[in-house]
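Morning, everyone. Please have a look at the structure on the screen.

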Amino acid sequence: MNFTFATFLPLLPVIVLSITTVLLMLAIAIKRHHATSFWITVAGFLLSLLSIQFTPAFSDSAATPVTGLLLFDGHAYFYTLLMLFAGLVCAFLLRNFIQEYASNREEVYLLLLIAVAGGLVLVASSHMASFFIGLELLSVPVYGMVAYTYERNRALEAGVKYLILSAAASAFMLFGMALVYAQVGTLSFVGISKTIFVTDGYLAGFGMAMIAIALCFKLSLAPFHLWTPDVYQGAPAPVGALLATISKVAVLAVLVRLLVQTSVELTHFLQSVFIVILVLSIVVGNLLALTQDNVKRMLAYSSIAHMGYLFIPLVTVNGTVDVQAVNVYLLAYVVTTLGAFGAISAMSSAAAGDDSENIANFRGLFWRNPYLGGAMVFIMLSLAGIPLTTGFIGKFYVFMSAVNASSWGLLAALIIGSGVGLYYYLRLMISLFAREQTPGVNEVGVISQSSVLLVVLMAVLIVWLGVYPQPALEFIAGLK
Amino acid sequence: MTLSALILIPFVGGLLCWQGERLGAGIPRWIALICMSLVLAIGINFWLAGNYSGATAAAGLNWQAEEQYSWIPILGVSIHFALDGLSLVMILLTGLLGVIAVGCSWKEISTNVGAFHMNLLWSLAGVIGVFLALDMMLFFFFWELMLIPVYFLISLWGRASENKQLRVQAATKFFIYTQVGGLIMLVGILALVLVNYKATQQLSFDYEALLSAHKHMSAELQFALMLCFFVGFAVKLPIVPVHSWLPDAHAEAPTAGSVDLAGILLKTAGYGMLRFTLPFFPDASQEFANAAMLLGVFGIFYGAFLAFVQTDIKRLIAYTSISHMGFVLIGIYSGNLLTLQGLAIQMLAHGLCAGGLFVLAGQLHERLGTYDMRKMGGLWANYSYLPALLMFFAAALLGIPGTANFVGEFLILVGAFKVVPVLTSVATASLVLAGVYSLILIHRTLFGKSATEGKGVDLSARELTLVVSLAVVLLVIGFYPQPLLNVSVDAMTFIQHTYAPVDVSNPLLTGPLPVGGSASPVVTP
């Protein structure tokens, strides 16, 4: 194979991020300086975002393979955009959050950059090897980030919990890959899909099931969701934002590619498994979120339910996947989730023992900080999927996908889930307006104004994408 | 532009109210009053300028004004407003009750006046949007949007009881009920659109494009989709098995919220059934008509019985609403011109009458500090205007001739009798119960031993104007309903033509009746 510069051009966003990582590492080694590290990170994300423009697939929408491992197409770049955007927001949230932290603050950006780079590799992977490398590159820094403020309550516990369970899932996945390889003798997605039903044996089917389990674990779908609330609760709020957006987007993207590229029979088989899992997720997520007084835990359970909704377009049509609906929903989910975690993050600081994550912290927030409170109203409405917000547009596409396939059972689950979900979203929303405050609780932390600005921006984005979704929808429909 | 203005005026007015509070607590009230008066004035202007009983009455749609803007072309969604007689009647009602709602909260609301009026105006903007939207997606947007302000109205400015959780619970219940109903309707809308898309290769949410979609689907599918729409509207109407949010919401809502809910929001459901369910699914609706009318009759009696045993005056009025909505359901599914015309009057009359009663209940609450009828009594001796007006509205509620309620109920019953004589006879018997609950309302509040000592503060000029104007409108329509019937005739004729009426079950009554029958009851000049 002849490697030229053009071969690696599609990799530009990943390369930019990697160079930034190295530069940042050197900068920290020379002199610790929080602001510098932060701005290097931001510059890295911005340059990476800009560099997407120069990649071939983005301009002419042709799928470009890089060696046999990666495949860059329109969808990969869409997810790249989404993750870089989320990474940028997380960086800003992290800066305000960690400003007052007593010990080392700079390495967290390093971890963030590596995690996002891992995500970028993951969304483009078309081979089991790159799939695994991307997944580990994404996950390993996140263990560190979850436990970064290790002396705070619960952080270490959450980090270790995530590490051990994640490692177990990775082991499942590796074993599954080995089983698949034992039968079909290839590791590329296309190769597997061509040979899996030609060769005899049950190993590959079993292996694919194990891989699916690992992916469900990463996406925290029931019944593999048990780690989610604890880790979300223990992780610092900006890291929670990263966990809930970047790692979900990346894993979902690779799952979509797996489903699209493997043969119809296998997709069909996986879909029938996923139907059970998604209904379970909707039920479990919504029911357990009902009684949570901790907003992070509530968001964790609600993200389980959202992943359930998101799986509906994956399974409705036998053998194919409604990628457009998945992408629209992902866009809505990422923007809204960033806003929700951003709001918690704005009220919290690494210097305090706990984040301001109890519903009591949100009581009367609208009167103390109308901007943050007002933004929070739209974020909750968007999570609940009420019109005027992007959450509704996402839900609308999921509905359309399910109606189009006449999956009435899934629609019933979706409607019931949304109805139950309303209860806890409204509960948080109305507590923002409470007049009487719980003494002592509301004073926790100083509200970081620049984080508030960021959350307000998210709210504006939520409303804009909800009221005038045409450009975004057109962009997504044009992806190939 | 005028149609968009009808929605934009309250919407922008709401924003002004919110910010205007900085200039003084009185500013939002005046802004809101001016906005709603403007809406009413535009509505009256449409009434005077338009021709609602034109020659096109045979089967065409008679839009008096129409506007269309591009919105989400990729989904075939556009901003499409249009106004015909039916929408106009509803908008006149909204404008009038909007003014009343602003007026009745003049003294009642003292905290966050700006935000209160913003929510009030936005809910009214949503309702007007529902009455004007001709694109199903746009309709759904407004349908859901009007819930959020009402949710805030109830949960933030609701009844000041010791347990604030109660009103939040009532508001949440209201929201969840209507939202789930809305999502079920969304399924129906999407299925309808996709069926139409597969048949014509055109993705469109437009009303007129979807009118023929039922020709492309099997009878079972049509029935299922009709049920989706029906459930969505039934929750809002409300029809008995899904009604339980209504009494709670009313009991906890501020007066303006109750006026808004009973007077206008419930009517959106009746409007939706007329405008969408019947024309979209004519065959399935016919098949379903008997079941729907049975539900209606059941609701009439259920509401009436429960109204009788209430001790809270607002809950009593809420249950009478459920009872009256039963009549609306019978009127819709009987589907001949008489009942449809009666419906327009009935919805209007019920809105005005329930609105007036809620305003009076609010005024009683301002004076006595309670809605509990056990703590009232003997009011006749203490006030001069209030008891008489309460008596008038109670009489209107039971449908005394001379009030608009009588005209509406009479037309519905006469029309429905030709279609389902047995059911109609049963429903007519419920008018006795209406008498019973109206009398118990008057008896408990006005007569007996006075619970409070001495003369109370009587109605101020503002309060008197509000209530008397409602009473006057009820009387005018009661004595001379013809101008109103002329407004709705074209729209109703269209609906009747798309929804061929249920087969007449009694062959003795097939011929034209002297009161109208197959001939139009409306004499156009």
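I'll go through a chain contact, a helix pair and a hairpin.

One thing before that: this is a predicted model.

Let's begin with the two chains. On one side, 23 residues of chain B make contact, and on the other, 21 residues of chain A. Which helices of chain B give two or more residues to this side? They are H5, residues 136-145, H6, residues 147-157, and H7, residues 165-200. H7(B) has the largest share, with 13 residues. What kinds of residue touch chain A from chain B?

Helix H13 covers residues 313-334, and helix H17 covers residues 404-419. Their axes lie 9 Å apart, and the helices pack at an angle of about 45 degrees. So H13(B) is oblique to H17(B). The crossing is left-handed.

Who meets whom? From H13(B) come Phe327(B), Ile330(B), Gly331(B) and Ser334(B). From H17(B) come Glu409(B), Ile412(B), Gly415(B), Ala416(B) and Val419(B). By type, this contact has five nonpolar residues, three polar and one charged.

Last stop: the hairpin, also in chain B. Strand S1 runs over residues 65-72, and strand S2 over residues 77-83. The two are antiparallel, and seven bridges join them. For a pair to find on screen, take Glu66(B): opposite stands Ala82(B), in S2(B). How many residues sit between the strands of this hairpin? Four. Look for Gly76(B) in the hairpin, too: Gly76(B) takes a positive phi near 70 degrees.

Technical notes:
Residues are numbered from 1 along each chain as its sequence is written. Chains are lettered from A and ligands numbered from 1 in the order in which they are written. This is a predicted model: local features need pLDDT of at least 70, side-chain atom pairs count only at pLDDT 80 or more; totals for chains, interfaces and linings use all residues. Axes are lines fitted to C-alpha atoms, for helices over the stretch in contact, and angles run from 0 to 180 degrees between N-to-C directions. Angles under 35 degrees count as roughly parallel, over 145 as roughly antiparallel, 65 to 115 as roughly perpendicular and the rest as oblique. A crossing is left-handed if the near helix is turned anticlockwise from the far one by less than a right angle, and right-handed if clockwise. Two residues are in contact if their C-beta atoms, placed from the backbone, lie within 7 Å. Ala, Val, Leu, Ile, Met, Phe, Trp, Tyr, Cys and Pro count as nonpolar, Asp, Glu, Lys and Arg as charged, and the others, Gly among them, as polar. Two strands pair if DSSP finds at least two bridges between them.
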